[in-house]
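Subject: Structure handover

Hello,

Here is the structure for you to take over. The sequence and coordinates come first, and my notes on what was found follow.

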Amino acid sequence: MNVSEEIKRLHELHLAGALSDAEFAQAKAKLLSNINLDKPDNASGAASGPANDLVQEFNRLRRSRNDRWLGGVCGGLGRASGMEAWIWRLVFVLFTLTFGFGVVIYLLLWIFVPDEEIGITKHEY
């Protein structure tokens, strides 16, 4: 049983009157305090090992301040993926010319990916 199912079950017990407000709050706090997102041995951890790595990679993604032509998206993707930025620029141009949505993806990344902080160098990243 994963965490959301357990919380749902606790809520059902609370609504049925089997748990008081204090007991419900205590059980929910205990359940939520046992969650450790760094370790893959929680209820959904066996399936989320590679997914957890992917999330960490996306959290590392920042728009580049040094390697930018427009918004620094391709430079940031290059730094995060280990590929050259010109490859990402070529990918966006090809997606724009062939499928028409490369510009939309670029603009969304420009809006939602944060700019890298000034003090971070390539070696610290």
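This is a predicted model: local features need pLDDT of at least 70, side-chain atom pairs count only at pLDDT 80 or more; totals for chains, interfaces and linings use all residues.

Helices here are DSSP runs of at least four residues and strands are runs of at least two, numbered from the N terminus. On that basis the span of residues 5-32 is 86% helix and 0% strand, and its end C-alpha atoms lie 12 Å apart.

Overall make-up

The protein chain has six helices and zero strands, so read from the N terminus the order is α-α-α-α-α-α. Of its 125 residues, 20% are buried. The accessible surface is about 9,200 Å², and carbon and sulfur atoms account for 62% of that. If you take the contacts between residues at least 6 apart in sequence, 44% of them join residues at least 24 apart.

Confidence

Mean pLDDT for the protein chain is 77, with 79% of residues at 70 or more.

Histidine 14

Histidine 14 sits in helix H1, which covers residues 3-16. Which residues does histidine 14 touch, not counting those up to four places away in sequence? They are Leu19, Ser20, Asp21 and Phe24. With aspartate 21 there is also a polar contact between the side chains, at 3.1 Å.

Nonpolar core

The largest nonpolar core has eight residues: Leu61, Val73, Cys74, Leu77, Ala80, Phe92, Tyr106 and Val113. Helix H4 (residues 73-81) supplies the largest share of this core, four residues. Tyrosine 106, one of the core residues, touches Leu70, Gly71, Gly72, Val73, Cys74 and Phe92, leaving aside residues up to four places away in sequence. Among these, Val73, Cys74 and Phe92 are also listed in the core.

Regards

Conventions. Residues are numbered from 1 along each chain as its sequence is written. Side-chain values use heavy atoms; hydrogens and water are left out. A polar contact is a pair of N or O atoms within 3.5 Å; within protein, one must be able to donate a hydrogen and the other to accept it, and residues adjacent in sequence count only if both atoms are side-chain atoms. Contact means heavy atoms within 4.5 Å. Buried means under 20% relative accessible area, exposed over 50%, partly exposed in between (1.4 Å probe, protein chains only). Accessible areas come from the Shrake-Rupley method with a 1.4 Å probe; for residues, only the protein chains shown count as cover. A nonpolar core is a set of buried Ala, Val, Leu, Ile, Met, Phe, Trp, Tyr and Cys residues joined through side-chain atoms within 4.5 Å. pLDDT is the predictor's confidence in each residue, from 0 to 100.
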